Amino acid sequence: MKAVVVTTPGGPEVLRVQEVEDPEIKDDEVLIRVEATALNGADTFQRKGLYPPPPGSSHYLGVECSGTIEAVGKHVSRWKVGVQVCALLNGGGYAEKVAVPAGQVLPVPPGISLKDAASFPEVACTVWSTIFMMSRLSSGETLLVHGGSSGIGTFAIQIAKYRGVRVFVTAGSEEKLAACKELGADVGINYKTEDFVTRVKEETGGKGVEVILDSIGHAYFKRNLDSLAFDGRLFVIGTLSGAVSEIDLRMVLSKRLTIQAAGLRFRSPENKAVIVREVEENVWPAIVAGKVKTVVYKRFPLSEAAEAHQLLETSQHIGKILLFP
């Protein structure tokens, strides 16, 4: 099969399409012929040599895909050959075929094309497992999403609104803020021209928000704590501005704050399967109802993976970038 290979750690130019061996499936896995895969920040870090895949998983890029099942392991009962699916991967999506544990496979939501279904697994599992499963975001509360126009952000806006949450977002341009508001965001904050702490306090009568989803890390850490309401929860899913920050525990104590952090890729297969089941049960109905839609910015053939990575790293996009074998 063809796959995108990282020829050496570095910039987008190190990506090359090469002929490689087909993956072999284990007894609890399925083999998917990939229709589409989506770019994620994890892919760029892995390309640079900063984010190795979990032991035993594919060393090719790509943590989500859509496609058609070509083979099933002998312990797999739910999935059959020929079924169209999408999946949360441990790696290997930038290829014509990928092996994936059966518990990480999802049906393509009715009304969504097989190609566009590749835009859902990673964002749905990330958002649901963090702010809903762990931070217990609930109807009537407020959520602040940093990077509202990203793949994670555009999904978080829609599913939070579907569940009765008031949504604040930050983004770096008026165009991105407009896109977020079109998806349902209640308050848009341009982080280049406004202080989000001040705006949050203004919009909440000084109270603050209940939950923050943050991929920035160091630069926003103290300001995030200041933006939280009593019993607020900060969930960190990235450290784009740095991973080390000081904390004043007096604020955490006085406001009864909770600070959480988690990645998705290094969770156990059993834990990922639990998340995938919850996503199918709680998120897929919103997609079927048309309350959550795909937000695809651009599509590239697999041969143009380097160009796709260049676009991703400019942060000019809104939503997801897809690759097609």
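**Helix 6 and its surroundings**

Analyst: In this predicted model, the buried residues of helix 6 pack against strand 8 (142–146), helix 5 (196–203), strand 11 (209–214), strand 12 (228–236), helix 7 (249–255) and strand 13 (258–261).

User: Which residues of helix 6 are buried?

Analyst: Helix 6 spans residues 218–227, and its buried residues are Y220, F221, N224, L225 and S227. Seen down the helix axis, they fall within an arc of 150 degrees, so they line one face of helix 6.

User: At what angle do the axes of helix 5 and helix 6 cross?

Analyst: The two axes cross at roughly 10 degrees and come within 9 Å. Because angles under 35 degrees count as roughly parallel, helix 5 is roughly parallel to helix 6.

User: Which residues make that contact?

Analyst: Helix 5 contributes F196, V197, V200 and K201, while helix 6 contributes Y220, R223, N224, D226 and S227. These residues divide into four nonpolar, two polar and three charged.

User: Turning to the sheet, what is the strand order?

Analyst: The order is 10-9-8-11-12-13, in an open sheet of six strands with parallel pairing. Strand 10 (187–190) and strand 13 each have a single partner strand and stand at the edges, so one side of each has no neighbour in the sheet. On average, neighbouring strands of this sheet are turned by 15 degrees against each other, direction ignored.

User: How many bridges join strand 12 to strand 13?

Analyst: Four bridges join these parallel strands. In strand 13, I259 is the bridge partner of L234.

Technical notes
Residues are numbered from 1 along each chain as its sequence is written. This is a predicted model: local features need pLDDT of at least 70, side-chain atom pairs count only at pLDDT 80 or more; totals for chains, interfaces and linings use all residues. Side-chain values use heavy atoms; hydrogens and water are left out. Buried means under 20% relative accessible area, exposed over 50%, partly exposed in between (1.4 Å probe, protein chains only). Helices (H or I, at least four residues) and strands (E, at least two) are DSSP runs, numbered from the N terminus. The arc is that of the directions from the helix axis to the C-beta atoms. Contact means heavy atoms within 4.5 Å. Two strands pair if DSSP finds at least two bridges between them. Axes are lines fitted to C-alpha atoms, for helices over the stretch in contact, and angles run from 0 to 180 degrees between N-to-C directions. Angles under 35 degrees count as roughly parallel, over 145 as roughly antiparallel, 65 to 115 as roughly perpendicular and the rest as oblique. Ala, Val, Leu, Ile, Met, Phe, Trp, Tyr, Cys and Pro count as nonpolar, Asp, Glu, Lys and Arg as charged, and the others, Gly among them, as polar.
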